[in-house]
Each structure stands twice: as structure tokens, then as C-alpha cells.
Amino acid sequence: MSNAQTGKIGVTTENIFPIIKKFLYSDHEIFLRELISNAVDATQKLRTLASAGEFKGEIGDETIEVVLDSTTNTLTVRDHGLGMTREEVERYINQIALSGAEEFLAKFKDKDASIIGHFGLGFYSAFMVSDRVEIETKSWQEGIEPVHWSCEGEPTYTLEQGTRTERGTDIILHLSPDCKEFAEQNKIQDLLRKYCRFLPVPIACGFKTEWKDGKSVETTERNIINSEPPLWVKRPADLKEEDYLKFYRYLFPGQEDPLFHIHLNVDYPFNLTGILYFPKMKSNFDIQRNRIQLYCNQVFVTDSVEGVVPEFLTVLHGVIDSPDIPLNVSRSYLQSDANVRKISSHITKKVADRLEEIFKEDRKAYESKWEDLKLFVDYGSISNEKFWERAEKFALVRDVDGNFFTYEEYQKAVEEKQKNKDGKTVYLYTTDPEQQWGYIEEAKERGYSVLQMTGQLDAHVINFLEQKLTDVQFARVDADTLDRLIEKGEERKVALSEAEQNSLIGVMKGALGDRRSQFSVSLEDLGAEGLPAVVTQSEFMRRMRDMAQMSPQYNMFANFPEHINIVLNTAHPLVTKLSQTVMAALGTKLEDLAMREKPALDEEKAFEEKLGNRAPSDQTDEEKAEHKRIHEQLEVFTNERNELLNGYGATNALAQQLIDLALLSNNMLKGEALAKFVRRSAELLE
């Protein structure tokens, strides 16, 4: 060889190679993407020179080859692009971060915008996995000698005449002992499929195999990694629905076909292409994220695209390709800037446009897909204000009869019937139509509508809509009696006296036994046609518990005890019968107790009149002692009355039956309690 020279690579620090090897790239496997990208650039540049008339020869076979040799522990990336002269090697290889792509783009900016490299550091990623790297290159220019470059991972190199006889470049990696895995064909083929399967230049690694005589046999046909063209670079007008489905199946084999797609194709004020698919999600959170692949000029960058699209859009599947998304030198992390925000807003708008278009063009088809779309639309509405502004027009609610409404349509449908005395329209809803069937039927008999809110996000959606919709409040259909859920200001008065009411409540608490702390009992006139007893649960506390299951910020509510209210219908014959039975059995004893208690009550009344409105802090010690004595005296009578009523309730079959009937109608009677109810029912029927 002649004209050999040695020299130092132009870097500002002696420690550049340890930095490259350990810190420059987030993942060592990136080296293959970078080297293939350089090879594609070299091929694309040759095409550009040919189209400009500067290169007049035959381009020939453009295939980029990845050649592995496990015996020498080498990996070679071979292209047939424009190659390099000695001066170009010195300029673009020996001067780190001086990218040839930048200069080439400036010169041929009107000819070709598909050059990948912009940073000038991609080649040096090879040293993350190599102890030594060689370059064998021959320029496309006639009469130029081939060049050989070699470096062992330190700021010294050897540059001399090479041996390559054909135009193009070989990058030869002598792999480090701890990186031998990159000499394995299966490993490299997987990486090529991950990063390079849509590049515009054929990439070959190994040979295809076929099954012959009961075993896999290698053929002489090269294994081309990127045989499927990137559909997103084509014009939507040139594609059919089957093309999009075929491409989806190629991207995500084994997945159920998507609902529909959106083809992105923007060239101003930024460049963006891609295809996004709506997967079928149903009303559960089996969402598969990281199914949007980000590309830069058809080179895979990442599938973590939260920086490019809003979080709610990460549940979509597909590809996005944009040379305008700023990346760091490793192309592995997104940098947030104005362009990214514009792209994010544009994608959100395009998704909303597509949903609204389908809704308007074929509402029936849209409604048929709603169970799959609901989770996505709800998630987007509560997490992205811009999306909500559009989604309000095509988001749907469904009632228990299967009818769909937009928010505006539903408001008009129920506001007259379901407006309460405060002017708010009450949206009744169910979270379990089967379990809450009785409450739903009662509401429908009264002419009320009940919504199905059975989705996993619906607890959040309800709170969100109460803030967004004017004069609307939600109430689960079993949260209280209907007259209390939708108060019209016409409350029915209970016919029982105060003494009879208190006695009935005391007996019911006795019938509850050990469950007494979990339950409360109230009385209400629900009409003779109503059930004898119903269960209601606090709307606020139950909603907070539901939200605690989804959001850590509501964890404080997760362990709150579940409190249940049993409402006795005083207009029902069974409740009337129980009240009469109680008074017949205990009336004399209760009257006697009341007579004995009366002097203490009179004393308490006189004492309170004497105190007037004075606070305890303004009372004398004698007054405080007197108040305590009277209170303890009355407590004795209260305890005696409770003991009498509770004891009677603990053995009263009808009281226990009423409680269990209420629990059974709400699917809350299980195990031993259910078995006792069945036995008791049989005894009562005898």
C-alpha cells in the first residue's frame, strides 16, 4: 500500500470514545440502525446525483448487505452507494459531528429531502459494540483510489489506500467480547426488522430457508428484511380499505382488525405522514399502549410517543413519520418544542375530524362501534380540553333500552320530566343493570330515563360532565328513593306517629344484629305499590370509592366503610303490620317507660330554659354537674327503650325478613344470611 498516513481524529477531548461507548446512545443496539441509515443515505445520494446528471454510470444492485462472521466475530454493513474519497473520509469520519448529510442537503435541497443523517455521530455508535472498526470505501468518481480507514476506539486512526474494487462502502465491526450476540444472525435480523423494515433501499441479511425432508434448509435466495413498502408514503387516493387492513395485519400480526383508520399527510407548516388505527377496546382497560411507532424518514426511532401525541392518543395503533420532530443525537428521546406541540395538536384535530365525519355520515354505524370507541372518547374528553371541545358533538350516552344520545340530545329528552325543585336536571344511571334491575324498573314506571354507565372510566366521566354540562347532576338509581333523587318539593308525610316511628326503627336495628354499625334505618312513604323495604347507598361515598379504584389521588376513600341505608315503606301493608305488631307486643311497656321518663324530660326542659343560649364555656361548675346528672338519668331510659326494642327485633321474623328482602333485591344477601332467609321464608309460608 502507498500513501499511508496516521493522525489524530479531530475531537476536543481524549475521553470522547468512553463517552460514545457508554453514554451517547440509550441502547447499544442503536448502532445497527445508525450504520444502516448511513448506508441508505449513501445510496439515496447516488440516486440524487444520477437524477441531477452528475453520475452517468449504472447504479446496478442497490441492496445493502449485513454480513456476519461468527468465526472472526465481525459484522459488516456493505452498501453500493456513492462511497468516499480520502478527503471525504478525513472530513466526515475524522471530524466528529461534522455531518456530510447536512452539506449534501444544502446543495441538493430541491432534489431530495429523504436523507436521514443530520448529526454526524451515527457512525461512531459502532464503537459501542466494537474494539476496532474498519472502513473499506471506493468513491463513485472515476480515477479515485479506494480508501481503507481503521481505528481501535481511541483518538488515533490509520488511513491508507484500500482494496475495494467496486463503488460503495464496507463498515467492518470487530465486535467486543461482551457483544458477541451481535454476530448472531437471528439477533441481527430481529434488530433489522425492528429499525429498518420500511427503509427505501433493500436490506439483506442471510438467506431464506425452506422446509425440506423434515428440516429447515437454507436456500440461495437472499433474505430481504424490508420487503413490505411503507404504506404511509403513498397517497390516500391510491389506496383501498383492504390495503390499510393488510398493512395493519403486517404491523400487528394476530390482532383483531381495527375499527377504522386515519391517514395523516401534512406538508405545511411541518412534514408529517402516518396511519393511525382505532383498535377495538370495549369497555375495559385492556389498553395496549406503545403501539404507535415513530419513524424519521422511514427509520424506526421509538414506540414511546408520549412527547409527540397526547397521552389519550397513545391507545391508538399505527405509525407516524416526520423529519421535523426534533431528536437528540441518539434519536431515542423526543425534545419538547413548538414543532412537537403543533404536531400534537394537529394529530388531535385529525382524530376528532375523523370521528365527527363518521358520526355525521353514518350514525348507525358509529353507534354500532360505540362500545369500542367509548373508552377512547371518554379518556380523551377528560384528559384533553381541545379534544373535549370537539368530542362534545359526537360523544354518546346510552340508556338501558339501548337508545343512543349526544349530550345535547339527552338533555332535551329528559329535562322536563327529570328536573328537580332546584332547577337541575337529574341524570339517573346504573352501573349494573342486572343487580339494580328493580330500581331501574321503578324509575321507568315513573317515566324516568336511566343511563348505562358501566364503563371503567365512568366514575370520572360523571364528575367531569357535572362540571361541563349546565345544571346537570348524576345520581345512581339506587342511591336513594326516587322522590329524594329527583325532589319535586312534594314530599309524602309518613302516617305513623313519632313514637311509632322511633319504635319501628329500634326494632329494625335489633333485627340487624351484628350488622347494626354498617346500616342505618329510615322511614318513608313510597306508596302502597312500592316495595316494603329498599336499600340505598350514599352517592358521594360510593362514587369516591369507585374513583379510588382508578386514581391513586382518591386512595383515602378506598378504605372507607361501606354504609347502607334501609328505607322502610310505611305505606306498604307489611310495614304497617310490623308496626301494629310491635305496638301490640310492647305498647304497654313503652307507655310505662314514657311515664317514668317524663319527669326527667321535664327537668331537662326547665334546665335548658334556665341556661338560655349560654355556651358550655360560660356555665358554672354546678350547672355543668347538673346537666351531666340529667343526661345520665335520661340515658338510662334510652338504653332501657333500645334494649326492649332491639331485643324484640332480634327475634321478630317479619323484621328480619324485611331487611333480607331489601338486601336480596340488591344482590347483597349471600352465604349464611341467604340460607337463613330461605329457611325463614319457608317457615313464614307454612
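**Notebook: sheet, rings and salt bridges**

I started at a hairpin, where 5 residues connect β10 to β11. The model is predicted, and I read it as such. β10 and β11 run antiparallel and are joined by 6 bridges. I looked up isoleucine 262 and found its bridge partner in β11, leucine 276. Next I checked how enclosed β10 is. 5 of its 6 residues are buried, so the rest of the structure largely encloses β10.

Glutamine 293 has valine 319 of β14 as its bridge partner. I kept one general point in mind here: side chains in a regular strand alternate between the two faces of the sheet.

**Aromatic pairs**

I counted rings next. The total is 30 aromatic pairs. I took phenylalanine 260 and phenylalanine 278 as one example. Their ring centres are 4.5 Å apart and their planes stand at 40 degrees, so I logged the pair as tilted. Phenylalanine 260 sits in the loop between α6 (241–251) and β10, and phenylalanine 278 in the loop between β11 (272–277) and β12, so the pair ties together parts 18 residues apart in sequence. Both phenylalanine 260 and phenylalanine 278 are buried.

My other example was tryptophan 388 with phenylalanine 464. Here the centres are 5.0 Å apart and the planes are at 90 degrees, so the pair is edge-to-face. Tryptophan 388 belongs to helix α10 (residues 385–391) and phenylalanine 464 to helix α13 (residues 458–468), so this pair ties together parts 76 residues apart in sequence. I found tryptophan 388 buried, and phenylalanine 464 too.

I also followed a cluster linked by ring pairs. Its members are Tyr195, Phe198, Trp232, Phe247, Tyr250, Tyr295 and Phe300.

**Salt bridges**

The count I have is 43 salt bridges. I looked up aspartate 170 and arginine 164, whose side chains meet at 2.5 Å, N to O. Aspartate 170 has 10% relative accessibility and counts as buried. Arginine 164 is buried as well, at 11%.

I went back to the loops flanking the sheet strands. Lysine 280 and glutamate 256 form a salt bridge at 3.3 Å, N to O. Lysine 280 is in the loop between β11 and β12 and glutamate 256 in the loop between α6 and β10, so the pair ties together parts 24 residues apart in sequence. Lysine 280 is partly exposed at 38% relative accessibility. Glutamate 256 is exposed, with 53% relative accessible area.

Then I checked arginine 596 and glutamate 640, a salt bridge at 2.7 Å, N to O. Arginine 596 is partly exposed at 37%, and glutamate 640 is partly exposed at 32%. I also noted one network, in which salt bridges with shared partners join Lys349, Asp353, Glu356, Lys360 and Arg390.

**Surface patch**

Last, I looked at the surface. Leu664, Leu674 and Val678 make up a nonpolar patch with about 220 Å² of accessible area together. I placed valine 678 in helix α20 (residues 671–685).

How values were computed
Residues numbered from 1 in each chain as written. Predicted model: local features only at pLDDT ≥ 70, side-chain atom pairs only at ≥ 80, totals over all residues. Heavy atoms only, no water. Patch = residues over 30% accessible without salt bridge, like charges linked within 9 Å, V, L, I, M, F, W, Y side chains within 5 Å. Areas by Shrake-Rupley, 256 points an atom, 1.4 Å probe, with all protein chains shown as cover. Salt bridge = Lys/Arg side-chain N within 4 Å of Asp/Glu carboxyl O. Helix = DSSP H or I, 4+ residues; strand = E, 2+ residues; numbered from the N terminus. Pairing = 2+ DSSP bridges. Phe/Tyr/Trp six-rings, centres within 6.5 Å; stacked < 30°, edge-to-face > 60°. Buried < 20%, exposed > 50% of the residue type's maximum accessible area, 1.4 Å probe, protein only.
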